[in-house]
Amino acid sequence: MSTSSTNMSTSSTDLSPLSFTLLVHGTLIHCTRRVIVSSSLFSDMVELVEDTNPIPIPAFISRQIMLDLVEMVEKDDSECAHLILVSIDYLLDFLIAVDFLGCEGVKSVLEEKVKDKITESNWEKVFNYTKNILGLVNTTKNSMTPICTRLVELTKGKNSLSMERFNCQLGFEQYTPSMLKLVLKNDCLGEGLKFDILRNWLLENSEAKGEILGMLKIIQFKELDYSKVKQIVSEVKTWNIGEEHEESFKEVIETAKKERELDRERVRMGLREKRKLFRPRMSGLFLLVNFQEIHNIE
């Protein structure tokens, strides 16, 4: 068995200093086993490769990022307080690095830090930074929140006929299908508003009818009342999305109807259970009052 394999088989609490070396842009950074264990990539390399000292770091990860990562892990800085004042550009580079290295603990904290820094002025930068990285789908989705929040504010109290103007104002008609799907997945949008966005986007992107079914499936139709769903079904029929997709959409609506009925039944069952628990208490109170009245007990 190789030395590195022996190292990995020992307890992860064996944190002897300078156990490993990282090769970053031609320079060496020393670290303990704590850093190796924090990264699934490092752990796999040490376990599977005979000679991993030094461990090479890809060129797209800067020396400063690795220095910060090693310091945070060694000091058990679970809140990444070390990065509190850095720019969103640096946070994004750091997030991409830890995603590649498989540092899931650090990554989850960084995702929240990036989310807190996303604004109307930088959301597009965040989107473009992360849109092609599968592991950063949460951040890509979060990048759409400012624009969706603004849309909610702009359309508050407005009817659906106003949506076309707001779509143009926010540039939704220029979005690719993948971008629009992220908009539709945003939690701050109501389900009816999501349909209005989709309908008005389709007016400018009629060639993308093959994408429509997938977008319709994002909308939680069970959250809408019967009359709104009926109106949507009638409108979708006019879109000519194809017989196969129309049948699939009918199934989506039927499933939503069943889910809505199940949710209502769960609520009714919950109320019945509460009544069952409440009745014995009321009966006991009634008997106590009667006993007090019979025996003139104050």
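Here are some questions and answers about a predicted model of a protein chain.

Me: Let's start with the whole chain. How many helices and strands does the secondary structure come to?
Reply: The chain has 298 residues, and 38% of them count as buried. Its secondary structure comes to 15 helices and three strands.

Me: In what order do the three strands stand in the open sheet?
Reply: Take the pairs one by one. Strand β1 (residues 20-24) pairs with β2 (residues 27-31) in the antiparallel sense over five bridges. β1 also pairs with β3 (residues 55-56), this time in the parallel sense over two bridges. The pairing is therefore mixed, and the order is β2-β1-β3.

Me: Which strands stand at the edges of that sheet?
Reply: The order of the open sheet is β2-β1-β3. An edge strand here has a single partner strand, so one side of it is left without a neighbour in the sheet. The strands at the edges are β2 and β3.

Me: Which helix packs on the sheet?
Reply: The sheet has the order β2-β1-β3. The helix in question touches β1 and β2, and its direction makes about 10 degrees with that of β2. The helix is α4.

Me: Which residue in β2 is the bridge partner of Thr21?
Reply: β1 and β2 pair in the antiparallel sense over five bridges. For Thr21, the bridge partner in β2 is His30.

Me: Is Leu23 buried, partly exposed or exposed?
Reply: Leu23 lies in strand β1, where four of the five residues are buried. Buried needs a relative accessible area under 20% and exposed needs one over 50%. Because Leu23 has 31% relative accessibility, it counts as partly exposed.

Me: How many Å separate the C-alpha atoms of Leu23 and Ile55?
Reply: Along the chain, the two residues are 32 residues apart. The C-alpha atoms of Leu23 and Ile55 are separated by 5.7 Å.

Me: Now for the helices. What length does α6 reach from its first C-alpha to its last?
Reply: Helix α6 covers residues 104-117, which is 14 residues. At 1.5 Å a residue, a span of 20 Å is expected, and the helix comes close to that. From first C-alpha to last, α6 reaches 20 Å.

Me: Which helices are included in what covers the buried residues of α6?
Reply: The buried residues of α6 are Val106, Lys107, Val109, Leu110, Glu111 and Val114. An α-helix has 3.6 residues a turn, so residues three or four places apart point the same way. The cover over the buried residues of α6 includes α4, α5, α7 and α8.

Me: Is Thr139 buried or exposed?
Reply: Thr139 lies in helix α8. Setting aside residues up to four places away in sequence, it touches Leu95, Glu111, Val114, Ile118, Val126 and Thr130. Because its relative accessible area is 1%, Thr139 is buried.

Me: Are α5 and α7 roughly parallel or roughly antiparallel?
Reply: Ile88, Asp89, Leu92, Asp93 and Ile96 in α5 meet Lys125, Val126, Tyr129 and Thr130 in α7. The two helices pack at an angle of about 20 degrees, with their axes 11 Å apart. That makes α5 and α7 roughly parallel.

Me: What is the hand of the crossing where α5 passes α7?
Reply: Two packed helices are described by the angle between their axes and the distance between the axes. The crossing also has a hand, and for α5 and α7 it is right-handed.

Me: Asp76 has a positive phi although it is not a glycine; is it buried or exposed?
Reply: Asp76 is found in the loop between α4 and α5, with a phi of about 55 degrees. Because its relative accessible area is 55%, Asp76 is exposed.

Me: And is Cys80 buried or exposed?
Reply: Cys80 is placed in the loop between α4 and α5. Its phi is positive too, at about 55 degrees, although it is not a glycine. Because its relative accessible area is 1%, Cys80 is buried.

Note on methods. Residues numbered from 1 in each chain as written. Predicted model: local features only at pLDDT ≥ 70, side-chain atom pairs only at ≥ 80, totals over all residues. Heavy atoms only, no water. Buried < 20%, exposed > 50% of the residue type's maximum accessible area, 1.4 Å probe, protein only. Pairing = 2+ DSSP bridges. Expected span 1.5 Å × (residues − 1). Contact = heavy atoms within 4.5 Å. Axes fitted to C-alpha atoms, helices over the stretch in contact; angles between N-to-C directions. Parallel < 35°, antiparallel > 145°, perpendicular 65-115°, else oblique. Left-handed = near helix turned anticlockwise from the far one by under 90°.
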